[in-house]
Amino acid sequence: MTQFMKLLLAGTITGVVMMTAAIGTAAAAGPENRITILYDAFGKDASMRKDWGFSALVEIDGKRILFDTGNDREIFAANVKAKNIDLANLDFVALSHRHSDHMAGLAHVLSVNPKVKIYAPKEGFGIYGSSLPSSFYRKAEALPQDMRYFDGKPPEIMTFGSAWQGANFELIDKTTEIVPGITLIALVSEAPGTRELKELSLAVNTPDGLVLVVGCSHPGIDKIVEAAATINPKIHLIAGGFHLVVASDDAISKIVATLKDTFKVENIAAGHCTGEPTFAALKQAFGDHYIYAGVGTSLATGSGAGAGQRRGEAPALDAEDLVSYRRLAAREDPFGLATWRRRLANTGSDGAKR
Ligand SMILES: [Zn+2]
Ligand SMILES: [Zn+2]
């Protein structure tokens with residue numbers, strides 16, 4: 001064996017050992033923690049279709065949660081396909097509220113995954129179905145039988161159908177921790193036009209603080225954050241719609257100040273019904289902690305994930321791009337030789353684990 005070949009072989013073996021170590025680290029770190037925006041009316045990802053509405057895939061803590069399903073079944077299906085998302089592999093779906101710009105894609109989800117658990121707000125006579133004890137209505141015993149409901153013998157519990165018959169709904173009445181560390185916050189809107197509408201928001205407790213995903217925030221984003229802060233006062237990230245799309249400048253300033261100064265929210269990734277003037281106000285207030293969240297964007301969440309993410313400006317490489325880039329980079333260096341050489345060449349500020 002020539003000296004050159006011995007050197008080459010030694011390098012390759014070192015590379016293989018290093019590659020194995022790198023894979024070990026990756027496996028120990030678990031799957032990527034991220035939120036991928038699947039439905040919104042703005043974005044810079046040309047492979048995604050834009051439409052009014054909201055949906056996000058939340059991959060966090062080893063769970064895959066579909067939060068809301070958009071405004072149009074076909075557009076939702078196209079965006080899911082564009083992001084290569086397997087709807088058959090979900091832990092559960094959470095529907096924020098009964099507005100159709102958050103639910104129309106559910107039919108597509110059910111066509112792929114008919115038995116998936118779906119959490120939705122519990123509302124009397126709502127479209128998710130409900131039930132009531134038959135004692136709720138007043139009786140008139142003296143009436144002839146054929147004028148009485150159920151001939152005067154109603155079932156003990158009366159059930160009211162859902163718009164998606166056979167779907168595996170679990171209705172949430174009040175704030176509930178559905179899995180350790182994952183809570184659905186249930187609040188009711190008091191705003192004119194949506195009074196009595198119940199809305200669920202998703203709160204995931206991470207080592208970095210709470211990650212909060214909101215649909216439309218009809219009960220008020222300040223009220224939702226206030227409820228979230230009782231789970232963990234450290235709010236790491238809020239993503240979703242803040243429902244300030246027609247709010248006055250004064251109302252917007254007040255909310256922005258509440259989020260930034262009262263609740264000390266660390267990162268903001270507003271979308272959907274937050275509103276254009278509110279995007280501007282939040283960007284100004286949060287600076288590089290304003291995270292662009294157009295349709296197709298993947299937001300890094302959880303421990304250590306934020307460091308590599310450029311914020312504020314529409315980034316050249318967003319988190320999703322970075323993930324693909326790293327995969328490609330790893331493939332181009334299959335034996336870890338380039339990494340090994342780079343380590344030798346510079347004294348350690350660079351490295352494989354970024
Ligand atoms: Zn709504
Ligand atoms: Zn909406």
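Reader: Is His272 buried or exposed?

Author: In this predicted model, His272 is buried, because its relative accessible area is 3% and buried means under 20%.

Reader: Which atoms coordinate the zinc ion (ligand 2)?

Author: The zinc ion (ligand 2) is coordinated by Asp101 through OD, His102 through NE2, Cys216 through SG and His272 through NE2, at 2.1 to 2.3 Å.

Reader: And is Asp101 buried or exposed?

Author: Asp101 is buried, with a relative accessible area of 12%.

Reader: Why is the arrangement around the zinc ion (ligand 2) irregular?

Author: The 4 donor atoms subtend angles of 88 to 160° at the zinc ion (ligand 2), and therefore the arrangement counts as irregular. A tetrahedral site would need all angles to lie between 85 and 135 degrees.

Reader: Where do Asp101 and His272 lie?

Author: Asp101 lies in the loop between strand E4 (92-94) and helix H3 (106-112), while His272 lies in the loop between strand E14 (267-271) and helix H6 (276-286), so the pair ties together parts that are 171 residues apart in sequence.

Reader: What separates the zinc ion (ligand 2) from the zinc ion (ligand 1)?

Author: The separation between the zinc ion (ligand 2) and the zinc ion (ligand 1) is 3.6 Å.

Reader: Changing topic, what is the phi of Asp61?

Author: Phi of Asp61 is near 60°, which is a positive value in a residue other than glycine. Most residues other than glycine have a negative phi. Asp61 lies in the loop between E2 and E3, and this residue is partly exposed, with a relative accessible area of 49%.

Reader: What about Phe125, where is that one found?

Author: Phe125 is found in the loop between strand E5 (117-121) and strand E6 (130-133). Phe125 also has a positive phi, of about 55°, although it is not a glycine, and at 52% relative accessibility Phe125 counts as exposed.

Reader: Which loop holds Gly62?

Author: Gly62 sits in the loop between strand E2 (55-60) and strand E3 (63-67), and it counts as exposed at 54% relative accessibility. The C-alpha atoms of Gly62 and Asp91 are separated by 9.5 Å, and these residues are 29 residues apart along the chain.

Reader: Last one: how many helices and strands are in the chain?

Author: The chain has 8 helices and 15 strands, and buried residues make up 46% of its 354 residues.

Notes: Residues are numbered from 1 along each chain as its sequence is written. Chains are lettered from A and ligands numbered from 1 in the order in which they are written. This is a predicted model: local features need pLDDT of at least 70, side-chain atom pairs count only at pLDDT 80 or more; totals for chains, interfaces and linings use all residues. Side-chain values use heavy atoms; hydrogens and water are left out. Donors are N, O and S atoms within 2.8 Å of the metal (3.2 Å for Na, K and Ca); water is not among the atoms, so sites may look incomplete. Four donors count as tetrahedral if all angles lie between 85 and 135 degrees; four count as square planar and six as octahedral if opposite donors are over 155 degrees apart and all others between 65 and 115; anything else is irregular. Helices (H or I, at least four residues) and strands (E, at least two) are DSSP runs, numbered from the N terminus. Buried means under 20% relative accessible area, exposed over 50%, partly exposed in between (1.4 Å probe, protein chains only).
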